[in-house]
Amino acid sequence: MNNILKNTMTAAAIALSISAGASDIQIDYLGTNNTLVRVKGANRYLMLPVQESNEDAKVNVLVNGNIERSFAVRLAKTKVDYTVPFDLSPFDGKDVVLDIVSSQGRASVREAKQDACWSNFSLSDTIGCANKEKYRPLYHHTPEWGWMNDPNGMFYKDGVWHLCYQWNPYGSKWQNMTWGSSTSTDLIHWEHHPAAIIPNGLGMVFSGSSAIDRSGSAGFGKDAVVAMYTSAGVSQMQSLAVSHDNGLTYDIYPANPVITMETEARDPNMFWDNDKKQWILVLAHALEHEMLFFTSPDMKQWTLRGSFGKGLGAQGGVWECPDLFRLKVDGTDKEKWMLICNINPGGPFGGSAVQYFTGDFDGNTFKADTDKNGNVATKWLDYGKDNYALVSWSDVPDGRRVAIGWMSNWQYAAEVPTMQFRSANTLPREIRLFEGLDGETYASCGVAQEMLGLRGKTFTEAKRLSVSGKKKSFALPESNSGTCEITLDMNKGKSSKILLTLSNKEGECVSMWYDTAANTFSVDRRKSGITDFSQDFASVTTAPVLDTESTLSLRVFVDTSSIEVFGNGGRFAITNLVFPKSPYTTLTVSSEGGKGNISNLKVYSLNLK
């Protein structure tokens, strides 16, 4: 129980104090909406009790009377959903005071004292955020706790993949945007690190990129890792940070910001142009539905050179998270530039999506390819609902272009049925270019070759199947929450449609079908499990099959809360979240309109250690 400390001061000056279960935590009530939490212990973390349905409280962290940090957190009022850690180690040996202002109206201090948070603050030397979530993916990258959206600051160096991400360390709703940090040597197993870049006086830390400055052109030293990100306060501006330990920690450039504009612009993506010996930056002019191009000799002084996008492609929402790179076109001696323009809303099935353009870039402006009618076609990199903010790693060897996206959709990202954490990343994708039968250049988005390391034993196998209206069923692994990889080849034969269904014992199912007449592939998650948290979730998504051959090859990855489908080596991709009440345990195949054929069907269990 809390021990109320009596105070002999006059009523007008009373500030009640309370011990919250630990002698090193003292709570002083200053009024109905203002409270001080004094921390004097030597523990590393102060655990903050969170209730997601509550309103944000503003927290100023005071050390020696100075504000060292500010953040928002939904402190618990009637119950504690989970706790999140506040790291005290930067203030080691100093008394820390949290000056907390709540936006909730209370009739009296006595009422305010009843809030559940005050008796549930605690100190700890460990984070204690063991997974309690049924739908946390088993082999996709997720934060240990808190909200995550866009991948940020990604680069490859010395055999290590560095992945930062938009992160709220203090709850599972969007807020306090910070660069979280993870690394991997295989793109499967991820090690989490302390936050790489935290908000400061210029605002929250929005999306951006990192690059290795191999020549030391910026003056930070040879091979320094330099990040550029959007500082988002009252306005949006572009800032630099530099790392001398391969991206584990960053020092903020003291002369920030390096780019300011009169209009909203964000998500800088920069790279070295070896032909012209200069840095190039692509910046999303979000509300203008265009991308801006800058050049610089040193990452600090930037010159606006050109723009692209007004009136082109999908224009239904803001343009965000650009990426620009050059690739060879498979099977030819051509090279093309590819410009990624993430858009929200305005995707092909509502909400967020990844569109792209191919064309030419001269260091100043981008000129998009046109179709046979002279039009710039709208092209999508993924035809599911849940691949957004996709960008690529810089400095990957052998000319590979490996990318990853945020596996959610702004229509419902804050409402999905998880709480301790929210959101995962897609599987890493390898982007390539190819020529379609219509002569246009398209991008493929197949799963990265490193994902072969996930494959375990073959759980189910069928070399040849003639499929008809009579359904044939195969068991899926029940271990590891039903996670698996499914591969197969379809031949339409005389069928008009070949169907695949994943189902569980509750009758929930995800239906997929190859429409051989329309030459499309569809995924239906309307009966996939929990869907009622948003009117926008239940959906059917459909991708064009650009090849007209009669055979379609599929790779399907099933995790606890997602299904990713890759067709013909990634010439189409469909990424969708699912929330079944229990794992899918059965794969059913059939056809309509005549017999079709399935060959080389394999279901792999996964190596998750």
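**Pockets, confidence and a loop residue**

The largest pocket is lined by 48 residues, and F271, W272, F325, D395 and R401 are the ones nearest its centre. A pocket here is an open set of points on a 1 Å grid over the protein atoms alone, with protein on both sides within 12 Å along at least five of seven lines, and lining residues have an atom within 4 Å of a point. This is a predicted model, in which local features need pLDDT of at least 70 and side-chain atom pairs count only at pLDDT 80 or more, while totals for chains, interfaces and linings use all residues. Residues are numbered from 1 along each chain as its sequence is written, and side-chain values use heavy atoms, with hydrogens and water left out.

By class, this lining of the largest pocket holds 21 nonpolar, 13 polar and 14 charged residues.

Now turn to the second largest pocket, where 35 residues form the lining and R69, P169, Y170, A195 and I198 lie nearest the centre. Strand 7 gives the most to this lining, with six residues.

How far can you trust the model? The chain averages a pLDDT (the predictor's confidence in each residue, from 0 to 100) of 94, and 96% of the residues score at least 70. Where pLDDT is low, the predicted coordinates should not be read in detail.

Finally, look at E440, in the loop between strand 31 (429-435) and strand 32 (441-447).

Methods. Helices (H or I, at least four residues) and strands (E, at least two) are DSSP runs, numbered from the N terminus. On a 1 Å grid over the protein atoms alone, a cavity is a set of points where a 1.4 Å probe fits but cannot get out, and a pocket is an open set with protein on both sides within 12 Å along at least five of seven lines; lining residues have an atom within 4 Å of a point. Ala, Val, Leu, Ile, Met, Phe, Trp, Tyr, Cys and Pro count as nonpolar, Asp, Glu, Lys and Arg as charged, and the others, Gly among them, as polar.
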